[in-house]
Amino acid sequence: MHVFREPRVTLLTRQQYLGAPHIQWSGDSPVAAETVAEFAGRLCYLSFGPDAGFEGGHKLIAGRTRNHDYLANILRTRHGSVLEHAVWSLLIEGVSRALTHELVRHRHLSFSQLSQRYVDESEVGFVLPPEIEEGTEAFEIWRRSCERSLEEYRALLARIEQQVKDEPSATQRRKRARQTARSVLPNAAETKIVVTGNARAWRHVIELRGAEGAETEIRRLAIALLRVFQAEAPELFGDYRLVRTPSGVEVVETDFRGV
Ligand SMILES: Cc1cc2nc3c(=O)[nH]c(=O)nc-3n(C[C@H](O)[C@H](O)[C@H](O)COP(=O)(O)OP(=O)(O)OC[C@H]3O[C@@H](n4cnc5c(N)ncnc54)[C@H](O)[C@@H]3O)c2cc1C
């Protein structure tokens with residue numbers, strides 16, 4: 001039985017900033033997501049500087065010159081819609097169905113998840129809940145339960161395949177058997193999911209799921225997501241810090257919650 005102990009987060013896509021050839025402005029951030037957010041914010045006030053060359057005779061103002069200062073001010077003034085122009089897709093693996101059940105509640109993210117109706121789960125792995133330590137009695141109870149559910153999945157799959165053998169479509173036969181057999185798999189069954197979202201939506205997930213009240217496995221994911229995004233776009237996620245609470249739990253904190 002394969003046991004997953006940590007989530008694996010892989011960055012699949014980032015944006016490319018092409019700029020507008022007729023506008024004489026380029027930011028100083030090497031990160032497209034940060035530049036497009038800055039561009040969008042500047043458009044609101046035409047603060048590209050007096051030489052940007054917009055059509056229509058508008059008066060252009062200079063505004064802040066560095067991306068760092070610009071986005072810090074966006075966070076401070078809670079102009080959060082500007083952050084929605086920065087978008088990434090991530091592959092998340094090594095997480096449980098229990099975790100993704102919580103993750104998919106975030107309505108501003110887009111999801112594509114491994115289907116237990118199409119995919120044979122006879123060899124599925126299980127995600128060890130972070131509260132369970134290996135070598136303990138709790139671990140043995142958990143391991144036995146996962147192994148048993150896997151045996152029952154396989155037995156049920158074989159029975160239902162037999163039961164629907166006259167179904168003319170092979171795809172339908174497989175789907176009917178797998179969608180039935182999956183009902184005995186536990187919440188701990190490992191799953192894989194592609195998630196796409198903008199900086200504002202990702203920030204919301206990191207704040208809510210990185211807090212002390214969040215479930216332990218998803219809090220661990222929130223911290224893993226934060227590490228990816230802080231490396232990817234430090235100006236959009238650099239305000240977050242990891243703090244240990246008096247009860248020893250690592251949580252995410254910021255002065256700009258809910259932007
Ligand atoms: C510690 C914890 C415990 C939880 N326990 C439970 C539980 O017991 N049962 C349960 O069912 N869920 C539970 N949830 C899930 C929770 O209720 C939310 O569904 C989930 O956290 C998604 O967050 P969100 O509602 O902020 O919405 P998101 O979908 O992430 O949206 C982000 C924001 O957009 C706005 N928004 C989105 N959609 C709408 C809308 N239709 N109308 C108005 N504004 C909108 C809101 O401001 C929202 O905060 C829990 C979550 C946490 C963090």
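Is Glu207 buried or exposed? In this model, which is a predicted one, Glu207 counts as buried, because its relative accessibility is 4% and the cut-off for buried is under 20%. Glu207 sits in helix 6, which runs over residues 199–209, and, if we leave aside its neighbours within four places in sequence, Glu207 is in contact with Tyr240, Thr254, Phe256, Arg257 and Gly258.

Arg209 pairs with Glu102 in a salt bridge whose closest N and O atoms are 3.6 Å apart. Since Glu102 lies in helix 3 and Arg209 in helix 6, this pair ties together parts that are 107 residues apart in sequence. The two partners can also be described by their accessibility: Arg209 is buried, with a relative accessible area of 16%, whereas Glu102 is partly exposed, at 25%.

Arg203 meets Asp239 in another salt bridge, at 2.8 Å from N to O. This pair, too, links distant parts of the chain, with Arg203 in helix 6 and Asp239 in the loop between helix 8 (234–237) and strand 7 (241–244), 36 residues apart. Both Asp239 and Arg203 are buried.

How many salt bridges does a search of the whole structure find? The search finds 16. Among them is the one in which the side chains of Asp69 and Arg66 meet, at 3.7 Å from N to O; here Asp69 is partly exposed, with a relative accessible area of 28%, and Arg66 is partly exposed as well, at 41%. Elsewhere, Glu93, Glu190 and Lys192 are linked in a network of salt bridges.

I would now like to move to helix 5, residues 170–181. With 12 residues at 1.5 Å a residue, helix 5 should span 16 Å, and its end C-alpha atoms are 17 Å apart, which agrees. At the start of helix 5, a side-chain oxygen of Ser169 comes to within 3.3 Å of the backbone nitrogen of Thr171. Within the helix, Lys175, Ala177, Arg178 and Ala181 are buried, and what covers the buried residues of helix 5 includes helix 4, residues 137–163.

Finally, let me come back to helix 3, residues 97–103, where Ala98 has its place. Ala98 is partly exposed, with a relative accessible area of 29%. Taking Lys175 as a point of reference, Ala98 is 77 residues away from it in sequence and 22 Å away in space, C-alpha to C-alpha.

Notes: Residues numbered from 1 in each chain as written. Predicted model: local features only at pLDDT ≥ 70, side-chain atom pairs only at ≥ 80, totals over all residues. Heavy atoms only, no water. Helix = DSSP H or I, 4+ residues; strand = E, 2+ residues; numbered from the N terminus. Buried < 20%, exposed > 50% of the residue type's maximum accessible area, 1.4 Å probe, protein only. Contact = heavy atoms within 4.5 Å. Expected span 1.5 Å × (residues − 1). Polar contact = N/O pair within 3.5 Å; in protein donor to acceptor, adjacent residues only side chain to side chain. Salt bridge = Lys/Arg side-chain N within 4 Å of Asp/Glu carboxyl O.
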